[in-house]
Number of protein chains: 2
Amino acid sequence: MDKRLIYISDDEINICNIIKSFLIKEGFNVETFNDGRSILEAFNAKPADLLVIDIMMPEIDGFSLCATIRQKSSVPIIIVSAKDTESDKIAGLTLGGDDYLTKPFSPMELIARVKSIFRRIELDKTNVRNNHVIKICDILINPNTKQAEFDGKNIGLTGMEFNLLYYLAENKDRAVSRNELLDKLWGFENEVETRATDDMIKRIRKKLSIAGSVLKIDTVWGFGFKIVENI
Amino acid sequence: MDKRLIYISDDEINICNIIKSFLIKEGFNVETFNDGRSILEAFNAKPADLLVIDIMMPEIDGFSLCATIRQKSSVPIIIVSAKDTESDKIAGLTLGGDDYLTKPFSPMELIARVKSIFRRIELDKTNVRNNHVIKICDILINPNTKQAEFDGKNIGLTGMEFNLLYYLAENKDRAVSRNELLDKLWGFENEVETRATDDMIKRIRKKLSIAGSVLKIDTVWGFGFKIVENI
DNA sequence: CAAAATTGTGGCAAAATTGTATCAAAATCG
DNA sequence: CGATTTTGATACAATTTTGCCACAATTTTG
């Protein structure tokens with residue numbers, strides 16, 4: 001991934017420089033500004049990945065800036081200010097700020113908070129996108145695409161077949177009873193013969209075999225099925 | 001949307017109750033615990049949408065708890081503590097905390113921070129990527145002009161068709177359910193037959209094919225659609 | 001070993017889902 | 001306002017999935 005770009009805006013040039021040096025040491029790209037208008041223009045020209053802004057600035061104050069940017073962008077914003085009253089903090093956080101730090105603050109704490117925000121964004125991103133992909137034996141089971149792949153190509157499981165294989169893979173090395181499968185995959189209310197599970201297993205085995213996989217679904221006699229990860 | 005569920009853990013029962021009453025007034029569901037083990041067990045049994053935890057607690061301390069939960073879950077965590085040293089704050093934020101508040105704190109500020117975190121999550125969810133030209137297979141999808149182009153010429157998608165193709169392209173390699181499409185593109189309140197999505201897909205496929213593109217929209221049986229980037 | 005219980009296999013048809021064509025309502029536009 | 005485009009609905013055809021059956025094969029049990 002490219003270095004993340006952070007814009008800092010504070011009318012005290014010294015503070016800008018201190019924060020900047022710390023953030024650069026942590027591997028971020030940083031640009032500094034000394035009033036609200038210039039950071040807004042810079043952001044419109046080239047969006048940053050995170051903004052650190054002071055409340056009291058010439059031209060445009062931090063609150064207005066925060067609200068303005070939030071109308072168009074979801075960029076994370078950290079507000080830093082000498083104003084430490086409860087109402088200031090609440091205003092800042094409510095107008096779109098992701099965090100509010102009161103001066104004087106420790107640069108290390110700022111960095112920890114910056115990283116925490118980026119981690120939050122990553123967590124949210126992977127949450128939406130990547131469910132857990134399971135690789136078992138020579139089969140890749142991907143719940144995002146709802147495909148099981150051998151050697152890079154889809155082995156063509158149907159929805160139900162996929163769910164069953166995924167469930168067994170999640171519970172590998174544990175025998176899963178037919179009743180558990182009926183409960184979890186078919187649903188409690190669904191009235192269906194117990195042998196329906198055998199049918200699904202039959203079809204999955206066939207498709208695995210046709211694809212050329214050596215993954216085996218073991219039968220646990222009088223109980224159910226299991227997948228054993230045989231190294 | 002359902003009410004969000006928040007778990008609070010603090011060995012001072014009074015603090016739990018104060019926070020709880022404020023959060024409930026704001027429309028959250030809240031449960032309180034007085035040590036680290038009980039909140040962990042509760043979370044394992046039924047995950048909450050956000051955790052507020054104290055550092056100094058019996059059984060399991062807040063730092064360990066934070067690290068433990070973060071191994072398996074991306075639930076947002078706010079740490080509250082009487083420990084106000086820089087190193088404590090940094091430790092808390094680094095171990096997975098989304099925020100760190102030092103006691104005594106204003107309940108209103110806590111609420112503002114809770115809301116700020118939920119807003120961040122919503123922003124991350126909706127803004128996958130904005131106004132970004134996507135090239136997929138042989139098709140160029142340009143959200144600025146709202147045109148999809150093959151070989152430099154517009155293939156003539158309508159507005160809705162374009163939005164659908166763009167959404168699928170943004171989420172390529174992930175199966176998107178019909179309900180997700182209805183929510184995100186038609187809008188939650190809009191009551192429309194599920195089959196409306198099929199109609200759009202049909203029209204997009206036809207226009208892609210007429211234009212001469214080889215881009216394929218896959219049907220995920222019993223679920224929805226997806227675009228797979230086939231190299 | 002033989003009977004009973006359980007599982008594997010192939011085929012089949014009902015049920016569910018999707019594709020297609022057509023049409024009318026709704027929106028857009030000049 | 002009228003013409004055109006867009007878009008959702010309906011009906012029906014085509015396809016896919018999946019439960020079930022009958023029977024063979026296998027395993028357990030006495």
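A polar contact is a pair of N or O atoms within 3.5 Å. The model is predicted.

## DNA strand C

A phosphate oxygen of DNA strand C is 2.9 Å from a polar backbone atom of Gly222(A). In Arg205(A), a side-chain N or O atom sits 2.9 Å from a phosphate oxygen of DNA strand C. In Arg178(B), a polar side-chain atom lies 2.8 Å from a phosphate oxygen of DNA strand C.

Around DNA strand C there are 23 residues, and those coming nearest are Arg178(A), Thr219(A), Arg178(B), Arg195(B) and Thr219(B). By class, this surface has 14 charged, five nonpolar and four polar residues. At least two residues each come from H8 of chain A, H8 of chain B and strand E11 (217–220) of chain B. Of the atoms of DNA strand C within 4 Å of the protein, 52% belong to sugar or phosphate, and the rest to bases.

## DNA strand D

DNA strand D is surrounded by 19 residues. The closest are Thr158(A), Arg203(A), Thr158(B), Trp186(B) and Arg203(B). The residues of this surface divide into eleven nonpolar, six charged and two polar. Sugar or phosphate accounts for 69% of the atoms of DNA strand D within 4 Å of the protein, and bases for the rest.

| Protein side chain | Atom of DNA strand D | Distance |
|---|---|---|
| Trp186(A), polar atom | phosphate oxygen | 2.7 Å |
| Asp199(A), N or O atom | base nitrogen | 2.7 Å |
| Arg203(B), polar atom | base oxygen | 2.6 Å |

The elements giving two or more residues to the surface near DNA strand D are helix H8 (195–211) of chain A and helix H8 (195–211) of chain B. H8(A) supplies the largest share, four residues.

## Strand E4 of chain A

Where does strand E4 (residues 77–81) of chain A sit, enclosed or open? Five of its five residues are buried, so E4(A) is largely enclosed by the rest of the structure. In a regular strand the side chains alternate between the two faces of the sheet. Both faces of E4(A) are covered. Ile77(A), Ile79(A) and Ser81(A) are buried on one side, Ile78(A) and Val80(A) on the other.

Two neighbours pair with E4(A). Strand E3 (residues 50–54) of chain A runs parallel to E4(A), joined by four bridges. Here Val52(A) stands opposite Ile78(A). The chain passes from E3(A) through helix H3 (residues 62–72) of chain A to E4(A), in a right-handed β-α-β crossover. Strand E5 (residues 99–102) of chain A also pairs with E4(A) in the parallel sense, over four bridges. In E5(A), Tyr100(A) is the bridge partner of Ile79(A). With helix H4 (residues 86–94) of chain A between them in the listing, E4(A) and E5(A) make a right-handed β-α-β unit.

## Sheet in chain B and domains of chain A

Chain B has an open sheet of four strands, ordered E6-E7-E8-E9, with antiparallel pairing. Strand E6 (134–136) and strand E9 (153–154) are its edge strands, each pairing on one side only. Strand E7 (residues 139–142) and strand E8 (residues 147–150) of chain B run antiparallel, joined by four bridges. Ile141(B) stands opposite Ala148(B) in E8(B).

The domain assignment divides chain A into domain 1 (5–129) and domain 2 (134–227). Their C-alpha centres lie 49 Å apart.

Notes. Residues are numbered from 1 along each chain as its sequence is written. Chains are lettered from A and ligands numbered from 1 in the order in which they are written. This is a predicted model: local features need pLDDT of at least 70, side-chain atom pairs count only at pLDDT 80 or more; totals for chains, interfaces and linings use all residues. Side-chain values use heavy atoms; hydrogens and water are left out. A residue is near a molecule or strand if one of its heavy atoms lies within 4 Å of it. A polar contact is a pair of N or O atoms within 3.5 Å; within protein, one must be able to donate a hydrogen and the other to accept it, and residues adjacent in sequence count only if both atoms are side-chain atoms. Ala, Val, Leu, Ile, Met, Phe, Trp, Tyr, Cys and Pro count as nonpolar, Asp, Glu, Lys and Arg as charged, and the others, Gly among them, as polar. Buried means under 20% relative accessible area, exposed over 50%, partly exposed in between (1.4 Å probe, protein chains only). Two strands pair if DSSP finds at least two bridges between them. A crossover is right-handed if, with the strands pointing away from the viewer, the path from the first strand over the helix to the second runs clockwise. Domain bounds come from an automatic or database domain assignment.
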